[in-house]
Amino acid sequence: MEVSGLPLSPSQRAKLASAGYTTLSSLSAVSSQQLARGTLATTRHFINPSFLGFHRFQFLPARADLNVSNEEALVILNVVMRSSRFSGSDRAGACIVAGAQSAWDMLCEEEHNKHITTSCGDLDKILGGGISCKEVTEIGGIPGIGKTQLGIQLAINVQIPVGYGGLGGKAIYIDTEGSFMVERVFQVAEGCIEDMLRLNVSQFKNLETHKEKMHPNTFLANIFYFRACSYTEQIAVINHLEKFVSEHKDVRIVVIDSVTFHFRQDFDDMALRTRLLSGMASKLMKLAKQFSLAVVILNQVTMKFTDGSFQLTLALGDSWSHACTNRVILYWNGNERHAYIDKSPSLRSQSAPYAVTSKGIRDVVSNCKRIRMM
Ligand SMILES: Nc1ncnc2c1ncn2[C@@H]1O[C@H](COP(=O)(O)OP(=O)(O)OP(=O)(O)O)[C@@H](O)[C@H]1O
């Protein structure tokens with residue numbers, strides 16, 4: 001195994017070595033079998049390949065004792081990841097050859113593809129029924145437009161029981177900004193339950209069983225929350241997802257709120273940033289396909305200078321814009337919030353209004369409808 005182009009300075013190597021960790025020179029001598037067995041792990045298990053199994057690496061809490069900066073830690077993580085990809089190429093080749101699928105099989109699978117409702121009929125309509133499972137959907141917009149509200153709504157709606165037309169699943173919420181407010185989540189859960197109970201449920205079987213689950217506490221208990229306070233933690237959580245989801249197979253959505261926050265500050269090495277982001281994106285795509293779950297990435301906006309003027313665009317640059325299957329942009333149209341399908345391989349670009357209410361995301365009630373309801 002060869003590991004080349006390692007951008008770690010001698011002083012950084014010395015710092016790691018003196019702390020008893022595997023240095024890059026010793027790392028380059030490690031065989032792929034050792035990597036697979038986890039023998040790369042050092043006395044204090046700075047990077048422990050066995051923690052997440054073959055091909056998966058994770059930062060452990062010991063990082064804090066080591067006093068190694070995030071950048072140094074990331075360099076090592078990158079090196080180990082590159083090595084693991086190298087050692088896994090044979091296995092990947094075998095998977096590709098064995099995994100050929102006919103277009104007909106794919107179409108049949110598509111027909112069974114599930115959607116998670118947004119609780120806004122107009123928005124669901126332009127999304128082809130809601131947020132699609134097996135796909136990565138990026139949702140971006142200016143502060144206060146309702147990205148977090150939509151993320152919370154989806155984490156609740158994914159739990160709507162099958163008898164009520166939902167998926168009866170669970171959610172993972174990765175919070176990088178600290179904007180996940182449990183009181184608000186409780187309120188949105190109450191709103192969702194209220195709407196379900198208002199449905200004509202006589203057609204549904206096992207109604208009593210469903211009713212037992214209809215409590216906001218149950219909805220909150222089914223959201224696995226991860227708080228990521230730095231980009232290294234964010235990457236570590238995302239690396240850990242495959243293992244976590246394989247142990248919690250009822251997870252049907254992963255919400256990342258937001259992908260941008262830690263990557264917009266303190267990043268001098270833009271090439272490293274691009275590499276990390278694309279690695280993260282490909283992991284999320286794989287996760288969505290492998291476990292038939294929806295990945296929703298919330299993103300912020302930034303200004304871009306094009307054609308002689310500044311225009312609003314989603315953050316993280318042009319290379320990131322290829323990372324997601326679908327992209328939805330939230331914006332203000334007068335006093336109304338609108339969502340626009342900016343990019344999708346299967347949906348027409350169109351927009352729809354939505355509202356953020358005390359119960360969560362809902363349809364915009366037009367004046368005519370409001371009069372009829374009165
Ligand atoms: N209980 C509520 N009732 C009605 N509207 C609410 C309620 N809670 C939040 N909102 C609306 O949601 C908006 C905040 O939305 P949200 O936090 O999702 O924005 P965001 O796009 O995630 O912003 P940021 O990028 O700053 O995180 C508020 O400005 C308010 O209009």
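In which sense do S3 and S10 pair, and over how many bridges? S3 and S10 pair in the parallel sense, and five bridges link them, where two strands count as paired if DSSP finds at least two bridges between them. This is a predicted model, in which local features need pLDDT of at least 70 and side-chain atom pairs count only at pLDDT 80 or more, while totals for chains, interfaces and linings use all residues. Residues are numbered from 1 along each chain as its sequence is written.

**Overall make-up**

- The secondary structure of the protein comprises 16 helices and 13 strands, these being DSSP runs numbered from the N terminus, with helices (H or I) of at least four residues and strands (E) of at least two.
- Of the 374 residues in the protein, 34% are buried; a residue is buried if 20 or more other C-beta atoms lie within 10 Å of its own, exposed if 12 or fewer, and partly exposed in between, with C-beta atoms placed from the backbone.
- Among the contacts in the protein with a separation of 6 or more, 66% are between residues 24 or more positions apart, a contact being a pair of residues whose C-beta atoms, placed from the backbone, lie within 7 Å.

**The sheet**

- Nine strands form an open sheet with mixed pairing, in the order S5-S4-S6-S7-S3-S10-S11-S12-S13.
- The edge strands, each of which pairs on one side only, are S5 (223–227) and S13 (360–362), and the twist from one strand to the next averages 25 degrees.
- Strand S4 (residues 170–175) pairs with S6 in the parallel sense over six bridges, and lysine 170 has valine 251 in S6 as its bridge partner.
- S3 also runs parallel to S7, to which five bridges join it; isoleucine 139 has leucine 298 in S7 as its bridge partner, whereas threonine 137 stands opposite asparagine 326 in S10.
- Six of the six residues of S3 are buried, with Val136, Glu138 and Gly140 pointing one way from the strand and Thr137, Ile139 and Gly141 the other way.

- H9 is largely enclosed by the rest of the structure, because eleven of its eleven residues are buried.
- H14 lies across S3, S6 and S7 and runs at about 150 degrees to S7.
- Threonine 274 is placed in H14 and counts as partly exposed, with 16 C-beta neighbours inside 10 Å; threonine 274 and valine 295 are 21 residues apart in sequence and 20 Å apart in space, C-alpha to C-alpha.

**Nonpolar core**

- The largest nonpolar core has 68 residues, and those with the most contacts inside it are Ala155, Ile253, Val255, Val295 and Val296; such a core is a set of buried Ala, Val, Leu, Ile, Met, Phe, Trp, Tyr and Cys residues joined through C-beta atoms within 7 Å.
- Apart from its neighbours within four places in sequence, valine 255 is in contact with Gly151, Leu154, Ala155, Ala171, Tyr173, Ile174 and Val296.

**Ligand shell**

- The ligand is surrounded by 15 residues, of which the closest are Pro143, Lys147, Thr148, Gln149 and Ser358; a residue is near a molecule if its C-beta atom, placed from the backbone, lies within 6 Å of it.
- Helix H9 (147–157) and strand S12 (351–357) are the elements that give two or more residues to this shell, and the largest share, three residues, comes from H9.
- By class, the shell has three nonpolar, nine polar and three charged residues, where Ala, Val, Leu, Ile, Met, Phe, Trp, Tyr, Cys and Pro count as nonpolar, Asp, Glu, Lys and Arg as charged, and the others, Gly among them, as polar.

**Backbone features in loops**

- A cis peptide bond with omega of about -10 degrees joins aspartate 257 and serine 258, and serine 258 is in the loop between strand S6 (251–257) and helix H14 (270–290).
- Serine 119, although not a glycine, has a positive phi of about 75 degrees; serine 119 lies in the loop between S1 (115–116) and H8 (121–126) and is buried, with 25 other C-beta atoms within 10 Å.
- Serine 292, also not a glycine, has a positive phi of about 50 degrees; serine 292 lies in the loop between H14 and strand S7 (294–299) and is partly exposed, with 16 other C-beta atoms within 10 Å.

Key. Two residues are in contact if their C-beta atoms, placed from the backbone, lie within 7 Å. Axes are lines fitted to C-alpha atoms, for helices over the stretch in contact, and angles run from 0 to 180 degrees between N-to-C directions.
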